[in-house]
Amino acid sequence: MGIEICSIGGFTKTEGNSVAVKVDDEVVLLDMGLSMFDYVRFTEDMEDTSTKTYSTLLKANAVPDYGHIDDWKTKVVAIVPSHGHLDHVGAIPYAAPLFPPSAVVLGTPYTIEVLKSILWDEHLEIPHKFVVLNAGSSYKVSKKITIEFVHVTHSIPQTAVVVIHTPYGKVMYANDFKLDNTPVLGKKPDYARLQELGKEGIKLLIMNCLYAHEHKKCPSESVARELLKDTMLSVSGEGKAMIVTTFSSHLARLKSIIELGNKLNRKIVFLGRSLDKYVRAGEKIGLVKFTDQVEMLRHRDQLDKIFKKIEKEGKGKYLIVCTGHQGEPRSILSRMIKGDVDFSFEQGDVVIFSCQVIPVPVNIENRQKMEKSLRAGGVRIFRDVHVSGHGAREDHRELLEMIRPEHIIPIHAEPAKGKMIAELALQLGMKNTHVMEDGERLSLK
Ligand SMILES: [Zn+2]
């Protein structure tokens, strides 16, 4: 008995994050994420979505393999997504039904709202009760388990560091995070509580290692705002189209884009279902209010109408925000380039990519194709107007020094990066880093 960990997903490859923490005879599942690359490949040409089930997704390697905890399945008491990104929350609609209906799904308000909108979009339901927990609060799951959320910054609102309080010590789950002291939306990380937890003692820290190889500190989101400002306000785009494409769930980035669009006196339009989904989730819980400054257009007929209007009134009067930053062939930007909608690019039009290309071959190839078509028409391209949402090695160092855990397990990348965390921790005098692959178990006595 005591604490036992099973590394379900996000240890052998980057995505599909999920960890099981067993405390005597109860199990908490931290994150239940999709592997986006495999998920998109499996679903992109799917006409009949009823074939999208846990078992078909598992065969496609798109969801974590809960076969690793077959003997623990009936013991699950809580499912806890740390934030609303799909590689952390996206498998819940398919995988949660594998576990007892009595298990609660515990998340911050934005994370739960995103989860609800995914379920609504997919016409799915799960039998579990949703529990909304704000950062800075705790929820008693059972006699032995209390879960606490500590606020941290990332590229989606209301990301939490999850702390599981148990009779055998505290397990801290700090997956996606950056240490942003000047965030554009929301507060900076709750350093006071993190330091306090460090002093109280942490038995195990499960921490992100995605950028363990990058010797730097991840720049603040306010740097991204300056980059955008520098680009959008200095480009001489009078009378020309200006299009910005970024991550739909990155509400802080969208906030900056709106502020700058207002400065340019351009009417701002957000195009597509995905932007609509994440913005409305934020509005529903009172996190942002974009729709009084932005026209949101989700459906095909709305898009047809707005493109006609833009052509008629003049492209220079609008700021278009849309999906397509990874070159996705079905995105609005791709459809605009292909002429599937009433919009034609002209020489001198501006396209700003407020993102980085996620380095998988299909994205790299799609983006290259997209940029080639744009360049052929004389469109001006501004790449990488972006900073990451993931802490790098110097952020990892800060967290390790704040927490000084007894044990460390790296997550969210292949073991080579986990080993880099082990090296760093050792330099700091922390010896017990356990670099795991998917499906392994570790007992902590
Ligand atoms: Zn994330």
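**A residue in the open sheet**

Author: In this predicted model, A20 counts as buried because 22 C-beta neighbours fall inside 10 Å, where 20 or more are needed. A20 belongs to strand β2, which covers residues 18–23. Leaving aside residues up to four places away in sequence, A20 touches I5, C6, I8, V27, L29, I69 and W72. P361, by contrast, is 341 residues from A20 in sequence, and the C-alpha atoms of A20 and P361 are 31 Å apart in space.

Strand β2 is one of seven strands that form an open sheet, in the order β6-β5-β4-β3-β2-β1-β19, with mixed pairing. At the edges are β6 (129–132) and β19 (440–444), each of which pairs on one side only. From one strand to the next, the twist averages 20°.

Strands of a sheet pair through backbone hydrogen bonds, either parallel or antiparallel. Here β3 (residues 26–30) and β4 (residues 76–80) pair in the parallel sense, over four bridges. Within this pair, A78 of β4 stands opposite V28.

Helix α8 spans residues 251–263, and its 13 residues reach 18 Å from first C-alpha to last, close to the 18 Å expected. Its buried residues are L251, A252, R253, L254, S256, I257, L260 and G261. The cover over these buried residues includes helices α7 (221–234) and α9 (273–284), along with strands β12 (242–245), β13 (267–271) and β15 (318–322). Just after α8, N265 takes a positive phi of about 55°.

Notes
Residues numbered from 1 in each chain as written. Predicted model: local features only at pLDDT ≥ 70, side-chain atom pairs only at ≥ 80, totals over all residues. Helix = DSSP H or I, 4+ residues; strand = E, 2+ residues; numbered from the N terminus. Expected span 1.5 Å × (residues − 1). Buried ≥ 20, exposed ≤ 12 C-beta atoms within 10 Å, placed from the backbone. Contact = placed C-beta atoms within 7 Å. Pairing = 2+ DSSP bridges. Axes fitted to C-alpha atoms, helices over the stretch in contact; angles between N-to-C directions.
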